[in-house]
Amino acid sequence: MEAKYCKESRVIRTSRVFPNDVNNHNTLFGGRLMSDLDQVASISAARHSRRECVTASTDSVDFLHPVQPTDSVCFESYVTWTGTSSMEVFVKIIAEDLKSGKRKMAATALLTFVALNEKKRPTHVPQVIPETEEERKLHETAPERARMRKERKQRSKELAAFLTTNQPWDRHVLC
């Protein structure tokens, strides 16, 4: 399987912020931003693998600056690193004040996707070739993030094994 350049999976999407997109603080609702970033990241994963993909984890979303109703919001995503069937996708979210033109990094995110074959089972994906300084930095630091993801997933499985799936009314707790 031939390796692919990060740029081959790049997705850029710019949107306006409308009144139904804001929260009670009159800034872009975080859940809206998270939905949009998952959409663009999933396209990057599909472009890289040319397979159906599923979100395996949202590893991090760091909100750095609020996005205002006077801003546009630009999502830029690409695959930064791959495992056997998994792909790490980086998304940067840039807010631009449409009146002044001032741009700021509003958020960054890292997500992991898994490519699926025709039987809906994990399948091999091409490796990544970084070219720019940004791409190289993300690619070089990805193995450590992959290690941390693996540890976090194991801890989540251990916690899930402890948790109950009983109906709330079967527990002697008032909600």
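Reader: By what part of a helix are Arg32 and Asp36 separated in helix α1?

Author: In this predicted model, the side chains of Arg32 and Asp36 meet in a salt bridge, with N and O 3.2 Å from each other; such a bridge is a side-chain nitrogen of Lys or Arg within 4 Å of a carboxyl oxygen of Asp or Glu. Both residues belong to helix α1 and are 4 residues apart, where helices (H or I, at least four residues) and strands (E, at least two) are DSSP runs numbered from the N terminus. Because of that spacing, Arg32 and Asp36 are separated by about one helical turn.

Reader: Which limits apply to this model, and which atoms do side-chain values use?

Author: Residues are numbered from 1 along each chain as its sequence is written, and since the model is predicted, local features need pLDDT of at least 70 and side-chain atom pairs count only at pLDDT 80 or more, while totals for chains, interfaces and linings use all residues. Hydrogens and water are left out, and side-chain values use heavy atoms.

Reader: In what order do helices and strands follow one another along the sequence?

Author: The protein holds 2 helices and 7 strands, and its C-alpha trace spans about 55 × 55 × 30 Å along the principal axes. Read along the sequence, these elements give the pattern β-β-α-β-β-β-β-β-α.

Reader: Which elements give two or more residues to the lining of the largest cavity?

Author: On a 1 Å grid over the protein atoms alone, a cavity is a set of points where a 1.4 Å probe fits but cannot get out, a pocket is an open set with protein on both sides within 12 Å along at least five of seven lines, and lining residues have an atom within 4 Å of a point. The largest cavity is lined by Ser15, Arg16, Val17, Asp21, Leu28, Arg32, Asp36 and Val73. Two or more of the lining residues come from each of β2 (11-16) and α1 (30-49).

Reader: Which element gives the most to the lining of the largest pocket?

Author: That lining has 15 residues, and Ala56, Ser86, Thr112, Arg149 and Lys153 are the ones that lie nearest the centre of the pocket. At least two lining residues are supplied by each of β3 (52-63), β5 (86-97), β6 (103-116) and α2. With 5 residues, the element that gives the most is α2.

Reader: How far apart are the closest N and O atoms of Arg147 and Glu144?

Author: Arg147 and Glu144 are separated by about one helical turn, because they lie 3 residues apart in helix α2. Arg147 is partly exposed at 37% relative accessible area, and Glu144 is partly exposed at 40%. The two form a salt bridge in which the closest N and O atoms are apart by 2.4 Å.

Reader: How many residues apart are Glu76 and Lys92?

Author: Glu76 and Lys92 form a salt bridge, with their closest N and O atoms 3.8 Å apart, and both residues are buried. Glu76 lies in strand β4 (residues 71-82) and Lys92 in strand β5, so that the pair links distant parts of the chain across a separation of 16 residues.

Reader: What is the value of phi at Arg50?

Author: Most residues other than glycine have a negative phi, and most peptide bonds are trans. Arg50 sits in the loop between α1 and β3 and is exposed, with a relative accessible area of 62%. Although Arg50 is a residue other than glycine, its phi is positive, near 55°.

Terms used: Buried < 20%, exposed > 50% of the residue type's maximum accessible area, 1.4 Å probe, protein only.
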